[in-house]
Amino acid sequence: MAGRHDLDGHRSEGDLNISSRRRAWTKDNIDADTQQWLDEDAKYFLHQSLSTPCLNVLSGCDGIYVEDLQGRRYMDFHGNTVHQVGFRNRRVIDAIKAQLETLPFCTRRYTNIPAIKLAKKLAKLAPGDLNKVLFTPAGTAAIGMALKLARVATGRFKTISMWDSFHGASLDAISVGGEAIFRTGVGPLLPGTEHVPPPDPIHCPWACGEQCTLQCARYVEYVLDKERDVGTVIAETVRSAPYIPPPDYWQIIRSACDRHGTLLILDEIPNCLGRTGKMFVCEHYDVVPDMLVIGKGLGGGIFPLAALIAREGLDVMPDRALGHYTHEKNPVACAAALATIECLEEERLLENVKSVGEHALQRMKTMLEEHLIIGSVRGLGLLMGMELVKSKETRERAVDATEQVMYSALSKGLSFKVTMGNIVTLTPPLTITQSEMDAALDILDECIWAVERRPTGAI
């Protein structure tokens with residue numbers, strides 16, 4: 001099959017849909033009716049790795065669950081990280097219905113009250129002087145607006161970003177992004193996009209080991225010192241793998257940016273709005289970027305909506321178009337977002353994130369001690385990762401074993417994403433209870449034991 005010559009090099013943002021284990025799972029779990037729909041999907045959609053051809057056909061969702069055409073329910077610890085307040089959240093649906101009855105669309109040149117209220121709310125929630133907002137239907141587009149604004153504000157086009165990062169799939173976003181599966185064979189990309197190693201605690205190029213020396217942050221500082229004309233450093237505050245930088249990491253980079261007049265753009269599209277236990281991830285690091293990009297869960301798991309939140313001093317393009325998207329101030333999407341934020345605040349979901357997340361991480365640490373193939377575990381709130389390795393000494397990625405675990409878990413009712421080929425990434429709704437979390441980790445534990453007890457080649 002075309003494109004299969006370098007699967008390991010293309011393992012990044014998600015699990016591949018062209019593996020032999022995917023085909024084996026499909027054969028054992030998909031009935032004729034579902035397969036007919038999958039064939040129709042494959043016929044009419046352009047094929048791309050990570051999605052089409054698809055795994056299954058969903059018919060419903062509710063809370064932490066999705067349901068397929070065969071009536072099987074899965075705890076969704078993937079959810080494309082849009083499901084902060086759970087699927088089919090009643091508060092969000094009611095807000096959408098009410099808005100549909102009055103103003104379902106806002107024509108360009110006009111504004112509307114839900115959009116104004118949402119912008120005001122985000123300006124109030126965001127740290128520091130981040131009080132200017134612009135909406136767009138997609139996080140990728142919000143990244144594009146941030147890059148454009150940075151060029152105008154600084155007069156510089158060069159950027160520093162991270163290898164392995166993901167900022168979206170458009171040409172500008174993959175230029176600053178660092179994943180081969182999106183970048184390979186589509187050049188030329190944007191000029192001036194310098195890349196540096198990410199703060200990966202496991203596969204650190206400086207071999208820091210257990211005690212991080214912050215060389216990754218110092219290297220960003222070094223490049224800024226050498227280049228001197230970099231307009232922007234753009235990065236995910238915490239990589240969704242997750243890679244969780246040390247406490248001082250962003251302080252070092254923030255200071256370096258300030259010295260060189262370089263803007264700092266933090267991409268929190270997948271992990272904003274409480275997933276890490278704070279409304280915005282940068283609050284964990286006590287740092288305020290020049291621009292903050294959010295999205296995914298902002299639309300309540302229903303509407304596509306993203307936002308660029310910038311410092312007031314960056315409001316420098318009144319005579320030019322920065323975004324100008326048709327659905328920039330979509331009143332229904334904004335109503336959904338307002339309801340989402342109300343749910344987060346009034347149902348005290350950030351407190352739930354902290355308590356359930358701490359409980360889950362402790363359980364995962366116990367699993368780390370018990371299992372031979374678990375190389376590391378990490379978590380920040382309900383953004384959690386478990387790395388599976390062939391050997392705890394060599395840290396070689398256990399790609400095949402990880403696929404076995406994923407498909408075995410699916411068969412038992414647990415869905416999650418695999419990142420970088422061997423990291424079990426767990427991102428459940430923030431509404432999850434401790435008992436539901438325990439049930440999910442019980443499944444994961446059982447599947448890992450099963451893989452350790454049978455040959456790697458067995459399915």
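Strand 13 (residues 414-419) and strand 14 (residues 423-426) run antiparallel and share three bridges. Two strands count as paired if DSSP finds at least two bridges between them. Within this pairing, Val418 stands opposite Val424 in strand 14. The model is predicted: local features need pLDDT of at least 70, side-chain atom pairs need pLDDT 80 or more, and totals for chains, interfaces and linings use all residues. Residues are numbered from 1 along each chain as its sequence is written, and side-chain values use heavy atoms, with hydrogens and water left out. Helices (H or I, at least four residues) and strands (E, at least two) are DSSP runs, numbered from the N terminus.

- Seven strands form an open sheet in the order 1-2-3-13-14-12-11, and the pairing is mixed.
- Strand 1 and strand 11 (374-380) are the edges; each has a single partner strand, so one side of each lacks a neighbour in the sheet.
- On average, neighbouring strands of this sheet are turned by 30° against each other, direction ignored.
- Helix 12 packs on this sheet and touches strand 3 (73-77), strand 12 (383-388), strand 13 and strand 14. Contact means heavy atoms within 4.5 Å.
- The direction of helix 12 makes about 160° with that of strand 13. Axes are lines fitted to C-alpha atoms, for helices over the stretch in contact, and angles run from 0 to 180 degrees between N-to-C directions.

- Strand 5 (residues 158-162) and strand 7 run parallel, joined by three bridges.
- Thr159 faces Thr232 in strand 7.

**Cavities**

- The whole structure holds three cavities of 30 Å³ or more. On a 1 Å grid over the protein atoms alone, a cavity is a set of points where a 1.4 Å probe fits but cannot get out; lining residues have an atom within 4 Å of a point.
- The largest cavity has a volume of about 80 Å³. Grid points are joined across faces, edges and corners, and a volume is the space filled by probe spheres set on the points.
- Its lining includes Met162, Trp163, Glu236, Arg239, Tyr249 and Trp250.
- Strand 7 (230-236) and helix 9 (249-260) are the elements that give two or more residues to that lining.

**Aromatic pairs**

- The structure has four aromatic pairs. Rings of Phe, Tyr and Trp (its six-membered ring) pair if their centres lie within 6.5 Å; planes under 30 degrees apart are stacked, over 60 edge-to-face, and the rest tilted.
- Trp25 and Tyr407 form a tilted pair, 6.3 Å centre to centre with 35° between the planes.
- This pair links distant parts of the chain: Trp25 in helix 1 (residues 20-29) and Tyr407 in helix 12 (residues 399-411), 382 residues apart.

**Backbone**

- Most residues other than glycine have a negative phi, and most peptide bonds are trans.
- The bond from Thr52 to Pro53 is cis, with omega near 0°. Pro53 lies in the loop between helix 2 (32-44) and strand 1 (58-62).
- Gly187 and Pro188 are also joined by a cis peptide bond, with omega about 0°.
- Leu273 has a positive phi, near 55°.

Definitions and conventions: On a 1 Å grid over the protein atoms alone, a cavity is a set of points where a 1.4 Å probe fits but cannot get out, and a pocket is an open set with protein on both sides within 12 Å along at least five of seven lines; lining residues have an atom within 4 Å of a point.
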